[in-house]
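Biologist: Let's go through this structure together. I'll ask, you answer.

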Amino acid sequence: MNKSTLIVLVSIFLMAFDNRAFFSNITEVYPLNLDNAAFLISVAVVFGAALIMILALACYRYTTKPVLITILMLSSFAAYFMDSYNTVIDTDMLRNVVQTNVSEASDLMSGTLAMYVILLGILPSLFVYRAQLTTGSVRRDILSTVKLASISLGVGVLTIVIFSNFYASFIREHKILRYYANPSFYLVSIFKFAGSAIESSSLPFTMIAQDAKAAPPERPRELIIMVVGETARADRFSLNGYERETNPELAKDDVISFSDFWSCGTSTAVSVPCMFSVYGQSDYDQKKAESTENVLDILARTGVNVLWLDNNSDSKGVADRITYLDFKTPENNPECNDEECRDTGMLTDLQEYIDAHPKGDILIVLHQMGNHGPAYYKRYPKAFEKYTPVCQTNQLEDCSKETINNAYDNAILYTDFFLSKVIDVLRRNTAEFETGLFYLSDHGESLGEFDMYLHGLPLFIAPEAQRHVPVVMWFSDNFSGVNDKALRAGKDRTMNQDWVFHTLLGLFDVRTDVYKPNLDILNISGPVKQG
Ligand SMILES: [Zn+2]
């Protein structure tokens, strides 16, 4: 067989079997009927021609088989995640993949994934591996590459010209569809991701808020516990009106729930660094954030004792310069079983830490496992299985919406319990401290609306469910910087994660020019700050 034939065969295979998401999204816009048939065929032709051209240019003599096998294997994974969860593989998703740890990855493993990899990855790869390629001279190889690339380019361009009216509106109005093209979109993402990684490693580290000064020491000191939640949806909190009683504990604690709060991104890798960054959602960029001090760095510099405990993957770079402890291991977390370490385990030695710091304010960040999907049923102890039956698999497409919702809501119940335990810790310390809880989720989650699952869609197309997050605050009665009444009156204001940076500075009374009072949640009530 010659090289060109093999490339054409692989391209047809990829188009036919790895692009269910792409074609099902297209046929949603242009339903399969006689009127659209010609256009739909032309899309397949253009897509195939583009694929053949890319592969032709990448396959040169000895690279042919490795390139084709790599593409087939990667595409089988991409196809599984796009088909199963309606996600897309963009640079943020790749960042998530790179930062995912083994247990998170094993949550996503499944028999269906194995089938995809075997049928769409390994089997065609074996075929490519065993194909007897005729090898000619270097000149002939280059000639055949040029021939194949130009024929496919010609066919693609000609098809677009013939259907030019259709394509003009198609390209303008359905930009989203290209996200589902496999493998072209993830290949573009890989190159972008690699480019930005190289670029960010060359950026110098920038300190900000050099003028930051701590407020004069107050008696009592401040103890704030900030809980960075995971994958919780605002509309699943009964505090925000959800018909199921998912916040029985927090309701007793008389917390303030902010009902109109929006995330900076739709994934942990974006939202977590973004909320602590001086950059807001509009000018946030992972490279800039990584090479710039965040609000925890500023607080630590002004003398606040800052501690980060992590029961999630990691701090996504936020806690690189402060004290950090991993709670996904039984060494630190006493509440671990074979497959899960509980968020409540992070509270075990908190009192010890607090007692060991007799000077200065204290900020403890607890990064939760929360509602991390798709295996929601693993996220809570059996005692919290209030809503049944629950989806007992990570194959969400195999479960009914009801059982997925049940498992998800049980995990919210467990977060409610966890947060009430955090408040217990704070209550025990109010003799010596002004104490406060600041809880917010990093992003939301799709639970089957529009057939979407999980999170991570690009912000501009992400549904509300992935962006609307729960935010809860609680303060001890002796807390001097809070106008409780005004705060409650303003709990329905529209806010987003840009506010986190400034709220933390405000909470600890840090004076600096980078502080924007209009983005401080507690500043709603005007001049109530004392001291
Ligand atoms: Zn997350």
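Biologist: Is Cys399 buried or exposed?

Modeller: This is a predicted model. Cys399 has a relative accessible area of 16%. Buried means under 20%. So Cys399 counts as buried.

Biologist: Which cysteine forms a disulfide with Cys399?

Modeller: A disulfide is a covalent bond between the sulfur atoms of two cysteines. The sulfur of Cys399 lies 2.1 Å from that of its partner.

Biologist: What is the handedness of the disulfide of Cys391 and Cys399?

Modeller: Look at the torsion about the S-S bond of Cys391 and Cys399. It is about 75°. So this disulfide is right-handed.

Biologist: How many disulfides does the structure hold?

Modeller: Cys264 and Cys274 form another, with sulfur atoms 2.0 Å apart. Cys336 and Cys341 also pair, with their sulfur atoms 2.0 Å apart. The number of disulfides is three.

Biologist: How many residues apart in sequence are the parts that Cys264 and Cys274 tie together?

Modeller: Cys264 and Cys274 form a disulfide. Cys264 lies in the loop between β2 and α12, and Cys274 in helix α12. So the pair ties together parts whose separation in sequence is 10 residues.

Biologist: Is Cys336 buried or partly exposed?

Modeller: Cys336 has 22% relative accessibility. Buried means under 20%. So Cys336 counts as partly exposed.

Notes: Residues numbered from 1 in each chain as written. Predicted model: local features only at pLDDT ≥ 70, side-chain atom pairs only at ≥ 80, totals over all residues. Heavy atoms only, no water. Disulfide = S-S within 2.5 Å. Helix = DSSP H or I, 4+ residues; strand = E, 2+ residues; numbered from the N terminus. Buried < 20%, exposed > 50% of the residue type's maximum accessible area, 1.4 Å probe, protein only.
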